[in-house]
Amino acid sequence: MFEKSKKLMSAGKIESFQEIFICPLCKKQMQMIHLRSLVCSNQHCFDIAKQGYMNLLSRASNTKYDQKIFEDRRVISKRGLFNPLHAAVSDIIRSQLPSYEPISILDAGCGEGTHLNNILIEIKRKKLNPLLAVGIDISKEGIRLAAAEYSDVIWCVADIANSPFANQQFKFILNILSPANYSEFQRLMTDHGLVIKVVPERDYLKELREIFYQGSDKQVYSNSLTIRHFSEQFKLLDVASIRYQVNLSGPLIEPLLGMTPLSWGTSKERIEKIARMNLKQVTMDFKILIGKR
């Protein structure tokens with residue numbers, strides 16, 4: 001019964017905003033049919049999953065991101081490790097809004113949804129604007145977790161390189177610690193819209209990096225190429241830096257190791273070494289890039 005009502009609630013929200021959708025196969029406008037499916041004029045049909053999300057991939061995808069990595073990220077986010085980052089991003093959005101202007105936000109590469117959900121909570125504390133929030137990710141595992149817990153967002157399995165939305169639908173496009181597709185972002189943002197991209201800075205999780213990549217050139221991280229590429233695609237309005245340390249308890253070490261691709265390809269011995277270190281603090285270090293057309 002719960003899954004049925006969740007699906008109907010999601011279907012009603014999607015129907016309310018059905019004009020934002022285009023078919024990922026033929027680019028025709030889509031509309032909701034019987035609170036069950038989005039269908040285009042060429043009869044391409046995409047059903048709402050029982051958990052309340054849409055799968056709008058035009059073809060199957062392969063990704064290294066499995067359900068466990070998203071579950072670990074949720075544990076870390078819920079313990080507040082990203083809270084200062086979420087507050088900073090929400091402040092940027094709020095600062096750009098007149099009192100009652102509708103807000104439309106796309107989180108491109110949203111994973112299991114906690115970043116977007118927490119940012120929305122922060123926005124709603126001080127703004128009562130009408131709100132459309134959409135999260136997309138190519139990973140069905142991530143979107144399934146997002147839809148199961150957070151009901152204020154339209155969640156879609158979709159490819160950011162072939163996103164299923166009409167032109168100029170979003171005032172804000174978030175891209176948090178995730179790959180980007182800037183040509184699609186240009187197409188999807190409104191004339192006065194903003195892209196807010198979060199990239200790791202050199203000290204992000206440095207305590208882990210020093211062990212995972214000991215003796216290699218990856219021990220020191222640089223995002224200079226990412227920032228330069230962003231600046232070539234958008235007018236860079238501002239760059240904000242946010243750096244802080246968070247305290248760790250024993251139960252957080254395992255999900256912290258599990259949530260990051262830093263551990264991919266690392267020897268089992270090095271992972272076990274970190275687990276035994278009884279790490280007390282870890283550094284969070286980000287740059288927030290704000291750009292417009």
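Guide: The crossing of helix 3 and helix 4 is right-handed. Keep in mind that this is a predicted model, where local features need pLDDT of at least 70, side-chain atom pairs count only at pLDDT 80 or more, and totals for chains, interfaces and linings use all residues. Residues are numbered from 1 along each chain as its sequence is written, and side-chain values use heavy atoms, with hydrogens and water left out.

Visitor: Why are helix 3 and helix 4 called oblique to each other?
Guide: Helix 3 (residues 83–95) and helix 4 (residues 114–126) pack at about 55°, with axes 8 Å apart. Under 35 degrees is roughly parallel, over 145 roughly antiparallel, 65 to 115 roughly perpendicular and the rest oblique, so these two helices are oblique.

Visitor: Which residues of helix 3 and helix 4 make the contact?
Guide: Contact means heavy atoms within 4.5 Å. Among them are N83, H86 and I93 of helix 3, and T114, I119 and K126 of helix 4.

Visitor: What makes a nonpolar core?
Guide: A set of buried Ala, Val, Leu, Ile, Met, Phe, Trp, Tyr and Cys residues joined through side-chain atoms within 4.5 Å, where buried means under 20% relative accessible area (1.4 Å probe, protein chains only). The largest one here has 51 residues, and L85, I93, W155 and M284 have the most contacts inside it. A second, separate core has 34 residues, including F21 and L56.

Methods
Axes fitted to C-alpha atoms, helices over the stretch in contact; angles between N-to-C directions. Helix = DSSP H or I, 4+ residues; strand = E, 2+ residues; numbered from the N terminus. Left-handed = near helix turned anticlockwise from the far one by under 90°. Buried < 20%, exposed > 50% of the residue type's maximum accessible area, 1.4 Å probe, protein only.
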